[in-house]
Amino acid sequence: MNNKEFIAELASRTGFSAKDTQTLVNNIVNAMGDAFQEDNAVLVPNFGVFETKKKMERIMVNPASGQRMLVPPKLVLNFKPNQTLKEKLKGGE
């Protein structure tokens with residue numbers, strides 16, 4: 001499902017126009033991004049938790065040349081699904 005299809009589906013379920021729905025989704029994504037910038041987790045009820053985790057610096061080896069390189073630390077986004085969502089996906093519902 002691409003962004004246009006997602007907005008159309010969400011608009012039909014909520015009864016809002018596609019333009020209003022797009023604005024709402026953009027505001028939600030921006031608010032989540034601001035929370036991640038402040039190192040806060042975002043809990044979406046009955047869905048899961050989005051949080052940032054820090055990956056430490058590490059040494060990696062280029063398999064083609066055998067050269068060792070230092071990879072700097074970075075923040076990555078992590079998602080942990082809710083237990084009910086996990087069960088729903090396992091059951092194929």
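A: F50 counts as buried because its relative accessibility is 18%; buried means under 20% relative accessible area, exposed over 50% and partly exposed in between, with a 1.4 Å probe and protein chains only. The model is predicted, so local features need pLDDT of at least 70 and side-chain atom pairs pLDDT 80 or more, while totals for chains, interfaces and linings use all residues. Residues are numbered from 1 along each chain as its sequence is written, and side-chain values use heavy atoms, without hydrogens and water.

The aromatic rings come next. Rings of Phe, Tyr and Trp (its six-membered ring) pair if their centres lie within 6.5 Å, and planes under 30 degrees apart are stacked, over 60 edge-to-face and the rest tilted. By that rule there are three aromatic pairs. One of them joins F47 to F79, a tilted pair with 5.2 Å between centres and 40° between planes. This pair links distant parts of the chain, with F47 in the loop between β1 and β2 and F79 in strand β5, 32 residues apart. Helices (H or I, at least four residues) and strands (E, at least two) are DSSP runs numbered from the N terminus. F47 is classed as partly exposed because its relative accessibility is 36%, and F79 is also partly exposed because its value is 31%.

F50 pairs with F79 too: the ring centres are 4.7 Å apart and the planes stand at 40°, so this pair is tilted. Here again distant parts of the chain are linked, since F50 lies in strand β2 and F79 in strand β5, 29 residues apart. F47, F50 and F79 make up one aromatic cluster.

Strands β2 and β5 also meet a helix. The buried residues of α2 pack against β2 (48-55) and β5 (74-81), as well as against α1 (3-14) and β1 (42-44); contact means heavy atoms within 4.5 Å. The buried residues in α2 are T21, V25, M32, A35 and F36. They lie on the same side of α2 because they cover an arc of only 100° around the axis, taken from the directions between the helix axis and the C-beta atoms. K19 and Q37, on the other side of α2, are exposed. α2 runs over residues 18-37, and its 20 residues reach 28 Å from first C-alpha to last, close to the 28 Å expected at 1.5 Å a residue; the expected span is 1.5 Å times one less than the number of residues. D39 follows α2 and has a positive phi, near 65°.

α1, one of the partners of α2, has 12 residues and reaches 16 Å between its end C-alphas, close to the 16 Å expected. Just after α1, G15 has a positive phi of about 85°.

The one salt bridge found in the whole structure joins the side chains of E9 and R13, at 2.7 Å from N to O; the term requires a side-chain nitrogen of Lys or Arg within 4 Å of a carboxyl oxygen of Asp or Glu. Both residues sit in α1, four residues apart, about one turn of the helix. E9 is partly exposed, with a relative accessible area of 34%, whereas R13 is exposed at 68%.
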